[in-house]
Amino acid sequence: MAESGSSGEESKKLQLYSYWRSSCAFRVRIALNLKGVEYEYKAVNLLKGEQTNSEYLKLNPLGYVPTLVDGDAVIADSFAIIMYLEEKYPQRALLPQDLQRRAINYQAANIVAANIQPLQNLAVLKYIQEKVGPNEATPWVQNHIRKGFEALEKLLKDYAGKYATGDEVYMADLFLAPQIHAAIKRFEVDMNQFPTLLRVFEAYQELPAFQDAMPEKQPDATA
């Protein structure tokens, strides 16, 4: 990620509105790193409610992160951002040419984006804690993570190589890495029951594009 430079240089850079712990923003950071695209990191503190500020809501009416600003283009939602980056910056393709493997990438990404991550975001966890009980949020999340991971294990068993769908990093890996990281670090899910996912996650540890995108390495990270 690029550091601040002159105003002229900054005006040409993409701006990524991000929160260090957001797995959705994490995906996009990986994509930008893989593409070798410089960007300015714009921190949005979700715990302080900065996502509900009127200025931010002009960019992202849902009040979520990430949001990507590229000149006059404003793209919210990590899937849309990654597809935008894939089409604008064709170097280092994030989707395979093979149509079947491409479809598997879409499917794996959507299992994470639609069936796991939304059930563990801050708003949902707060609701569970308030309406069900303060100790119920983690079991809720663990249950939905396990359900999604069981599906991913079955989906990827015939496609995985070093990474999720072969020996090259593709879109599925961008969605898997942050989700597995959260499962291990935040929600204490036992990954030994998901050997394929654990194996590919260990392979991500060797890749600078993934490591530089890690939550703890972001400028707004806290202990």
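Modeller: Let's start with Gln120, which lies in the loop between α5 (99–115) and α6 (122–131). Helices here are DSSP runs of H or I with at least four residues, strands are E runs of at least two, and both are numbered from the N terminus. This is a predicted model, in which local features need pLDDT of at least 70 and side-chain atom pairs count only at pLDDT 80 or more, while totals for chains, interfaces and linings use all residues. Residues are numbered from 1 along each chain as its sequence is written, and side-chain values use heavy atoms, with hydrogens and water left out.

Is Gln120 buried or exposed? Gln120 has a relative accessible area of 3%, so it is buried (under 20%; exposed is over 50% and partly exposed in between, with a 1.4 Å probe and protein chains only). Setting aside neighbours within four places in sequence, Gln120 is in contact (heavy atoms within 4.5 Å) with Ser23, Leu125, Val141, Ile145, Gln179, Ala182 and Phe187. With Gln179 there is also a side-chain polar contact of 3.0 Å. A polar contact is a pair of N or O atoms within 3.5 Å; within protein, one must be able to donate a hydrogen and the other to accept it, and residues adjacent in sequence count only if both atoms are side-chain atoms.

Now follow two of those partners, Leu125 and Val141. In α6, Val124, Leu125, Ile128 and Gln129 meet Ala137, Trp140 and Val141 of α7. This contact is made up of six nonpolar residues, one polar and no charged. (Ala, Val, Leu, Ile, Met, Phe, Trp, Tyr, Cys and Pro count as nonpolar, Asp, Glu, Lys and Arg as charged, and the others, Gly among them, as polar.) The axes of α6 and helix α7 (residues 137–156) come within 9 Å and cross at roughly 130°. Axes are lines fitted to C-alpha atoms, for helices over the stretch in contact, and angles run from 0 to 180 degrees between N-to-C directions. That makes α6 oblique to α7: angles under 35 degrees are roughly parallel, over 145 roughly antiparallel, 65 to 115 roughly perpendicular, and the rest oblique.

In α2, Ser23, Phe26, Arg27, Ile30, Ala31 and Leu34 meet Leu174, Phe175, Ala177, Pro178 and His181 in α8. By class, these are eight nonpolar, two polar and one charged residues. The axes of α2 (residues 23–35) and α8 (residues 171–185) come within 8 Å, crossing at roughly 135°, so α2 and α8 are oblique too.
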